[in-house]
Amino acid sequence: MTGTPDPWPRVAEDDPLDGLRAALLEAPCGYEPTRGYEDHCWLLHGIHDGPVRLRWDEVLSRADRRLTDWPGTLSHLVFEDVTGADELDGPDPAELDRASLARLVEHLVRRSPGGPDTRCGAAQAPVAVPPDETLLARRGRLGDALAHHDAGPDFHFPATWWAADGHWLVVTDHDLSATQVFGDTALIEALLADPGLDAVRRPTVAETFAALRASGD
């Protein structure tokens with residue numbers, strides 16, 4: 001709502017961001033950790049046919065394909081040559097749809113020792129930051145994540161956000177249409193089991209590119 005203060009205020013440029021500042025600056029499309037978490041999964045951004053939400057595999061089935069057959073990263077390219085895919089709404093690039101974000105926040109609150117009061121750090125992907133700024137970063141409560149989303153202060157919801165205590169990290173690569181969640185096994189298994197989310201196990205971005213290079217594609 002216009003005029004409503006953002007509950008995730010911007011932080012000073014010397015804030016260390018829980019030791020992640022340098023890594024965030026070096027990750028132009030969003031920071032993907034390579035260690036420190038037990039497990040991870042992907043939340044696929046929503047696709048709608050009118051009021052009906054479709055799972056990615058439902059759309060791919062129109063071309064007798066499955067997501068497990070796709071060797072690349074999770075962008076709009078997944079749906080190339082799928083009849084009618086261009087007429088559907090979504091998936092949005094660079095930002096998790098609000099309904100999925102709300103479900104994710106519920107899970108994070110449930111699995112975080114601090115619950116809704118869990119302190120979060122957040123940073124926009126450097127490629128989306130104005131050229132006169134180094135890093136657009138914020139801090140706030142986990143319970144205020146949706147309010148921050150609705151305040152709409154930035155071009156997209158922060159590409160990378162995390163629990164300050166290190167329990168989990170969420171990243172939406174600026175070039176992709178899916179969001180990665182890193183955390184403990186219980187959190188990831190809960191996300192995968194939630195019928196309200198289109199959650200899948202897939203390799204990380206780094207692992208996907210490494211496999212593609214190895215195959216010569």
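Mentor: Helix 3 passes helix 5 in a right-handed crossing. A crossing is right-handed if the near helix is turned clockwise from the far one by less than a right angle, and left-handed if anticlockwise. Helices here are DSSP runs of H or I, at least four residues, and strands are runs of E, at least two, numbered from the N terminus.

Trainee: At what angle do the axes of helix 3 and helix 5 cross?

Mentor: Roughly 150°, and the axes come within 10 Å. Axes are lines fitted to C-alpha atoms over the stretch in contact, with angles from 0 to 180 degrees between N-to-C directions. That makes helix 3 roughly antiparallel to helix 5, a label for angles over 145 degrees.

Trainee: Which residues make the contact?

Mentor: Leu104, His107, Leu108 and Arg111 of helix 3, with Ala186, Leu187, Ala190 and Leu191 of helix 5. Contact means heavy atoms within 4.5 Å. The set divides into six nonpolar, one polar and one charged. Nonpolar covers Ala, Val, Leu, Ile, Met, Phe, Trp, Tyr, Cys and Pro; charged covers Asp, Glu, Lys and Arg; the others, Gly among them, are polar.

Trainee: And what should I know about the model itself?

Mentor: It is a predicted model: local features need pLDDT of at least 70, side-chain atom pairs count only at pLDDT 80 or more, and totals for chains, interfaces and linings use all residues. Residues are numbered from 1 along each chain as its sequence is written, and side-chain values use heavy atoms, without hydrogens and water.

Trainee: Where is the cis peptide bond?

Mentor: From Gly90 to Pro91, with omega near -5°. Pro91 is in the loop between helix 2 (56-60) and helix 3.

How values were computed: Angles under 35 degrees count as roughly parallel, over 145 as roughly antiparallel, 65 to 115 as roughly perpendicular and the rest as oblique.
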